[in-house]
Structure formats: structure tokens, C-alpha cells
Amino acid sequence: MAISIARALAHATSLLIKAGVNEVNSEKTARAIVTSDVWGNPSHGLMRLPFYLQRLSQGGVNPKAELKVISEFGSTISLDGQDGLGHWQLLDGAQIGVTKAKQSGISLVSIANSSHCGALGVYLYPALDAEMISMIFTNGPAVMPAVGGNSPILSTSPIASGIPSNPPMIIDLSTSAVARGKIASAAKAGGSIPAGWAVNEKGEAITDAKQALMGMLAPLGGAKGFALGLMVESLSAGLSGGSLSRAIPDMFNPEDDKKAQGISHTVITINPASIGKDSKEGLDELAASITASGGRVPGSKRVSPNNLGSGEITLADAVISDLNSWSQKLGLENIS
């Protein structure tokens with residue numbers, strides 16, 4: 001079903017406000033969520049909002065959370081998310097990173113005790129708008145085993161990086177064979193998934209999406225994917241001192257709705273102007289060489305979260321049904 005972007009933003013914001021989140025943070029969170037749908041990535045879009053609302057209602061997410069400074073040293077800062085929604089916290093962290101990189105050339109922002117934040121690529125734009133390079137890492141519930149292992153050690157361990165070329169080059173990927181949200185989307189539709197995405201404790205392929213959602217995800221590229229995921233875990237939870245992925249509650253498991261996730265995020269921001277050379281020309285040349293070769297610049301079709309346009313997004317019937325159910329619970333009219 002088609003829904004206008006404006007309607008989706010307004011309704012998601014209203015639902016979050018009704019759930020106890022303040023208006024500013026509700027607007028930031030709603031925009032991050034809807035951006036995923038606009039980008040054609042529904043697995044991290046409004047499909048997830050009912051899960052966030054459930055966790056807000058059950059105490060797994062703190063609607064009144066603030067970002068509290070734990071420590072600050074030069075161009076680095078450590079923040080406590082107080083178990084709040086990851087979307088607005090990571091966005092604020094990215095903006096802090098830009099401010100510090102303007103002063104010091106490079107910055108690192110570490111956020112502990114946060115929650116799931118959706119698509120990492122959303123949070124590259126504060127740096128891109130300032131013509132800076134950004135790298136973002138986060139962790140989540142353990143779903144990925146080591147090669148040859150029989151139990152999950154790491155999350156999907158996503159990585160995002162934004163390069164301020166023309167057009168911007170945007171890297172946004174999980175280090176598992178597939179993002180878990182895609183499996184959740186297939187499970188919501190009652191479908192199956194390709195062999196190679198998920199395995200059981202014996203290493204056997206799982207193709208039933210609902211079973212796979214509670215199973216394990218194969219590393220991207222085998223041992224190389226696990227190694228990258230290990231780096232992500234180290235730079236997020238390892239650095240912040242937050243919960244390692246094996247200890248993080250699962251937002252897709254109703255039994256965990258009352259438990260805070262304790263997710264960690266890390267943002268590294270680099271100001272190319274601080275290097276003393278004109279790197280912009282080289283970055284533009286790199287992006288142009290991709291196009292000249294017949295390729296597509298990663299992320300070139302994405303619109304900025306700050307300029308989503310006046311179009312429409314398409315939501316699955318099951319997602320509309322879930323959103324309408326929450327609208328009725330919270331005393332709002334249906335989204336459609």
C-alpha cells in the first residue's frame with residue numbers, strides 16, 4: 001500500500017511521542033526510520049517501528065533517556081545512552097563528531113548503553129554535509145558464528161562509511177551474509193530465504209525465514225567476513241566497555257522486551273581539510289572513474305535524510321496492520 005512520505009513521517013513521530021519520547025527525538029527517530037523505506041530498504045524501515053514501540057512500552061527502551069557524557073579527552077568523547085532509542089542518539093553522536101573534527105581534524109565518539117539504530121547509512125550525512133569522511137560501527141544481538149563454530153559470537157556487525165565526493169560514495173553493509181532485517185522481513189511475509197544466508201548449530205542451511213530469524217547467520221565471505229565483524233565488535237562494544245553481542249537481548253524475541261539492549265555505537269569523523277592538501281579533487285576523480293568504467297557509485301541513488309521529497313513509500317499489508325494496531329492502542333487514527 002502506498003503512503004505519502006509526509007504522512008509516514010508525521011504518523012511515526014506521533015506514535016513515538018505517544019510512547020513517551022520527546023518531540024525532538026521522536027522526529028529524529030521517525031526520519032531515520034522512514035529514510036530506510038525511501039531508500040528501498042524496508043527491512044530497516046517502518047516494519048521495525050512496532051518492535052520499538054513494544055520495547056518502549058515494556059521498559060526495554062527508556063523513552064526519557066538523554067546522552068550523558070562519561071568522559072571527554074581532546075577529540076574523543078564517551079557517552080552513555082541510558083538505554084534510549086539508537087536512532088536519535090547516533091545522529092546526535094555523528095553531529096558531535098563533526099563539531100570535534102572541525103576543531104581537531106579527526107574525532108571519535110563512543111556511545112554505550114544504547115539500542116538498535118536502524119540503517120547505519122542514515123548517520124553518515126552530518127559528516128557528508130560538512131564535506132567530511134565518516135566511519136560508523138555498531139553491534140547487536142549475537143547471530144554470527146566463527147567459521148567452524150557452533151554458537152553465535154558476533155552480531156551482523158554492520159559497517160558504514162561516507163566519502164564526500166561528487167556524488168558521495170556511501171558504503172553501508174553487514175559483515176554477515178545478509179542483514180538480519182531482510183530475514184525478519186521475509187519472516188513477516190511468511191516466506192523463505194536463499195540457502196547460504198542462515199545456518200543451524202550443525203552448520204546446516206536454514207531456508208525457512210522464521211526459523212532463520214532465531215538461527216545463525218553465515219559470515220560474509222566466510223573467515224574474512226567474520227574477521228571484519230570482529231573488528232566491528234572491537235571498535236564498538238570493545239571500545240565503549242558496553243555489552244558484547246552475546247549479552248545483548250534480541251528485539252525480535254518477545255521474551256526480551258523488558259530487557260535493555262546495551263548496544264554500542266562508534267563514529268569516527270575525518271576532516272580532509274586538516275590534512276593540508278586538496279583531497280576533494282582526488283575523491284571526485286575516484287567516483288568519476290567508477291561511472292566511466294560502467295559501474296555505479298555506491299549510494300549514488302540515495303537521497304539525503306534531510307530531503308526525502310514529496311513522494312510515496314510502499315508498505316506491506318502486514319506492516320500497515322501492525323502500525324494500525326499500535327495506533328489504536330495509543331489513541332491515534334490509523335496510518336491508512
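**Salt bridges and a sheet**

Mentor: Asp172 comes out partly exposed at 24% relative accessible area (20% to 50%; buried is under 20%, exposed over 50%, with a 1.4 Å probe and protein chains only). This is a predicted model, where local features need pLDDT of at least 70 and side-chain atom pairs 80 or more, while totals for chains, interfaces and linings use all residues. Numbering runs from 1 along each chain as its sequence is written, and side-chain values use heavy atoms, without hydrogens and water.

Trainee: Which residue forms a salt bridge with Asp172?

Mentor: A salt bridge here puts a Lys or Arg side-chain nitrogen within 4 Å of an Asp or Glu carboxyl oxygen. For Asp172, the closest N and O atoms are 3.2 Å apart. The partner sits in the loop between helix H9 (279-292) and strand S14 (312-314) (DSSP runs: helices H or I, at least four residues; strands E, at least two; numbered from the N terminus). It's Arg302.

Trainee: How many residues apart in sequence are Arg7 and Glu333?

Mentor: Their side chains meet in a salt bridge, 3.3 Å from N to O. Arg7 is in helix H1 and Glu333 in the segment after helix H10, so the pair ties together parts separated in sequence by 326 residues.

Trainee: Which are the edge strands of the seven-stranded open sheet?

Mentor: The order is S2-S3-S4-S13-S5-S8-S9, with mixed pairing (a pair needs at least two DSSP bridges). S4 and S13, for example, run antiparallel, joined by seven bridges. The strands that pair on one side only are S2 and S9.
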